[in-house]
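User: Please take a close look at one part of this model, the nonpolar core and the strands and residues around it. Keep it plain.

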Amino acid sequence: MISFAKSGKEVNASSEQSILEVAEAEGIEIPSNCRSGNCGTCKQKLRLGEVEYQSEPNALSDSEKEQGFILTCISHPVGRVAIDA
Ligand code: FES
């Protein structure tokens with residue numbers, strides 16, 4: 001389950017889809033560009049839960065990681081998550 005706080009949507013999602021893909025399928029706009037973890041355009045704040053990355057989130061600094069930012073293009077939900085978008 002992914003909760004999108006600003007959009008007020010809750011979506012059942014499998015861990016096979018990235019959070020960005022799930023958002024797009026629901027019509028929730030998250031800006032994106034490289035879709036491979038390198039540019040940072042798709043960065044969002046994770047409010048709850050955990051994500052798994054399929055490749056290194058190169059565009060996130062250590063302090064951004066500590067603040068809970070994720071790259072939605074390459075992150076997959078682990079159980080229930082909530083993000084700002
Ligand atoms: S779209 Fe470039 S890091 Fe996600």
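Analyst: Buried means under 20% relative accessible area, exposed over 50%, and partly exposed in between, using a 1.4 Å probe and protein chains only. This is a predicted model, in which local features need pLDDT of at least 70, side-chain atom pairs count only at pLDDT 80 or more, and totals for chains, interfaces and linings use all residues. Residues are numbered from 1 along each chain as its sequence is written, and side-chain values use heavy atoms, with hydrogens and water left out.

A nonpolar core here is a set of buried Ala, Val, Leu, Ile, Met, Phe, Trp, Tyr and Cys residues joined through side-chain atoms within 4.5 Å. The largest one has 20 residues, and Phe 4, Ile 19, Ile 30 and Ile 83 touch the most other members. At least two residues of this core come from each of β1 (2-4), α1 (19-25), β3 (43-53), β4 (69-71) and β5 (75-83). The most is given by α1, with four residues. Helices (H or I, at least four residues) and strands (E, at least two) are DSSP runs, numbered from the N terminus.

Contact means heavy atoms within 4.5 Å. Setting aside neighbours within four places in sequence, Ile 83 is in contact with residues including Phe 4, Ile 19, Ile 30, Leu 46 and Ile 70.

Two strands pair if DSSP finds at least two bridges between them. β5 runs parallel to β1, joined by three bridges, and Ile 2 stands opposite Val 81 in β5. β3 and β5 run antiparallel, with six bridges; there Glu 50 stands opposite Val 78 in β5.

Ser 18 lies in the loop between β2 (9-11) and α1. Ser 18 is buried because its relative accessible area is 4%. Not counting residues up to four places away in sequence, Ser 18 touches Thr 72, Cys 73, Ser 75 and His 76. Ser 18 and Leu 48 are 30 residues apart in sequence and 16 Å apart in space, C-alpha to C-alpha.
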